[in-house]
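The following questions and answers concern the structure shown below.

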Amino acid sequence: MTEIKFRLNGVPVTMESDPNRRLLDVLREDFEMTGVKEGCGEGECGACAVLLDHEIVNSCSVPLANCINKDIVTIEGFAKTSRYKVIKNAFEEEGAVQCGFCTPGMMIASESLLNKNPNPSDQEIKIGLSGNLCRCTGYAMIIKAIQKASKDGDGLW
Amino acid sequence: MVKTVIPSSLIEALEYLSNEQYRFVAGGTDMLIQYHNRSLLPIAFKDNIMYIAHIPELLSVTEDDENIYIGACEPLEALLKNDLVPQLLKDTILEMASPAIRHTGTLGGNVGNASPAGDSLVPMYLLNTLIEVRSKHSTRRLRIQDFIQGVRKIDLHPDEIISRIIINKLEFTKASFVKVGPRLSDAISKVSFAGAITLVNGVVDDLRFAFGAVNITVVRRPDIECLYINKSLEELKASIDEIIEKYKPYIKPIDDQRSNKEYRTTVSINLLRGFIEEL
């Protein structure tokens with residue numbers, strides 16, 4: 001057991017835990033942040049995506065040891081921001097949500113992309129989402145939703 | 001009971017290594033997947049583990065007149081934004097993994113993992129890369145083709161750590177990387193290829209080819225490359241079939257879940273042919 005400190009959704013956290021745990025398990029089991037989903041568990045689907053120091057990572061392949069003194073934001077924390085509201089509205093309007101399992105990861109990927117590139121091209125959106133799988137929508141609506149968020153959220157990113 | 005350590009400096013890491021053997025976790029994108037046992041329990045590593053992703057000395061990117069020095073744990077995505085990093089390596093990193101994995105994955109990890117399908121290894125072989133390894137008492141620099149000895153086999157002593165990747169500053173007339181995989185991202189290559197050429201007044205001044213996932217390590221053959229130095233571009237193009245014949249004995253891929261021998265051989269040869277034909 002090691003004392004591990006990090007910020008979770010803006011709140012400083014100190015925990016005694018095993019640094020070999022996956023961040024995904026810590027978020028879901030210890031903090032009940034079940035918006036973070038386990039899909040493949042191998043870094044291929046992006047359902048477990050969170051922001052680590054404001055960049056998208058797969059929490060299934062991040063050890064707790066690598067979170068020390070980092071800033072971690074899950075979909076639960078991101079949902080409190082005005083950027084989230086723009087992305088949520090755009091996903092709803094464009095029909096970018098069907099079963100919803102990939103959606104938290106897709107929204108985290110959208111935020112990570114728009115944070116660096118507020119006006120992405122179609123190709124840049126595809127690269128930004130390239131680590132996130134969706135088995136319902138066929139992606140076209142998600143790409144449209146990000147275009148809409150980029151337009152509606154002008155000035156937010 | 002295996003130990004877990006999280007050193008905060010390179011000196012501390014080397015001190016641990018001088019006493020006991022450890023396996024390293026940098027970004028964790030390979031190690032966590034390899035050892036995860038489909039439970040909510042901590043990863044059940046079988047060896048002592050040292051976490052190294054945050055060690056400041058492994059995170060710098062510097063240069064001198066001849067070389068670029070990349071810290072072993074600098075994340076791949078950060079390299080994409082660094083002006084010092086050669087374009088050929090950036091082109092390769094863009095084809096590797098996904099944004100999420102590039103934010104945590106490292107060049108040191110790709111080298112240490114020594115997979116025959118490690119994408120970044122292909123341009124690194126092409127660019128005459130040196131791997132710097134440190135121990136408490138010594139620093140060694142090895143050519144990448146000597147450091148990587150086989151599938152997941154590297155020349156790293158138990159008290160050593162990969163510290164920096166040293167890449168020669170080189171300019172080419174044309175340099176390109178091609179990856180063949182089933183998906184834009186997060187796909188392990190079926191095959192990969194890099195080629196580079198420098199032409200001076202229509203004459204070949206430098207010529208390099210590297211092939212990934214077709215042998216136990218990346219294939220690069222300076223003995224074949226040098227036969228075509230000082231030839232004209234026309235002579236080089238007229239020699240395509242001869243060049244392919246010379247590479248064939250070294251293109252010895254396997255059948256696995258990602259592809260098969262015939263496909264890998266044919267595509268590798270076509271990539272070589274395409275690179276020369278398009279000059």
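A residue is buried if 20 or more other C-beta atoms lie within 10 Å of its own, exposed if 12 or fewer, and partly exposed in between, with C-beta atoms placed from the backbone. This is a predicted model, in which local features need pLDDT of at least 70 and side-chain atom pairs count only at pLDDT 80 or more, while totals for chains, interfaces and linings use all residues. Residues are numbered from 1 along each chain as its sequence is written, and chains are lettered from A and ligands numbered from 1 in the order in which they are written.

Q: Is A:Glu32 buried or exposed?
A: A:Glu32 sits in the loop between α1 (23-30) and β3 of chain A, where helices (H or I, at least four residues) and strands (E, at least two) are DSSP runs numbered from the N terminus. Its phi is positive, about 55 degrees, although the residue is not a glycine. Because A:Glu32 has 9 C-beta neighbours inside 10 Å, it counts as exposed.

Q: In which loop is the place of B:Arg152?
A: B:Arg152 is not a glycine, yet it has a positive phi of about 55 degrees. It has 12 C-beta neighbours inside 10 Å and therefore counts as exposed. Its place in chain B is the loop between β8 (148-150) and β9 (153-154).

Q: What radius of gyration does chain A have?
A: The radius of gyration is taken over C-alpha atoms, and the globule rule is 2.2 Å times the number of residues to the power 0.38. The C-alpha trace of chain A spans about 45 × 30 × 25 Å along its principal axes. For 157 residues a compact globule would have a radius near 15 Å, which agrees with the value for chain A, 15 Å.

Q: How many of the seven residues of β2 (residues 11-17) of chain A are buried?
A: In chain A, buried residues make up 49% of the 157 residues. Strand β2(A), by contrast, is hardly covered. Its count of buried residues is zero.

Q: Which residue of β2(A) stands opposite A:Ile4?
A: Strand β1 (residues 2-8) of chain A pairs with β2(A) in the antiparallel sense over seven bridges; two strands pair if DSSP finds at least two bridges between them. The two strands form a hairpin with two residues between them, and A:Asn9 in the turn has a positive phi of about 50 degrees. Opposite A:Ile4 stands A:Met15.

Q: Which element gives the largest share of the side of domain 1 of chain A that touches domain 2 of chain A?
A: An automatic or database domain assignment gives the bounds that divide chain A into domain 1 (2-78) and domain 2 (82-152). In the contact between them, 15 residues of domain 1 meet 14 residues of domain 2, two residues being in contact if their C-beta atoms, placed from the backbone, lie within 7 Å. On the domain 1 side, β3 (49-52), β4 (55-58) and α2 (75-78) of chain A each supply at least two residues. The largest share, three residues, comes from β3(A).

Q: Which element of chain B gives the most to the side that touches chain A?
A: The contact takes 25 residues from chain B and 27 residues from chain A. At least two residues of the chain B side come from each of α2 (31-35), β3 and α5 (99-102) of chain B. The most, three residues, is given by α5(B).

Q: Why is one side of β1 (4-5) and of β2 (23-25) of chain B left without a neighbour in the sheet?
A: Three strands of chain B form an open sheet in the order β1-β3-β2, with parallel pairing. Both β1(B) and β2(B) have one side without a neighbour because they stand at the edges, each with a single partner strand.

Q: What is the bridge partner of B:Ala196 in β13(B)?
A: A further open sheet of three strands in chain B has the order β11-β12-β13, with antiparallel pairing. Its edge strands are β11 (174-180) and β13 (203-212), each of which pairs on one side only. Nine bridges join β12 (residues 191-200) to β13(B). The bridge partner of B:Ala196 is B:Arg208.
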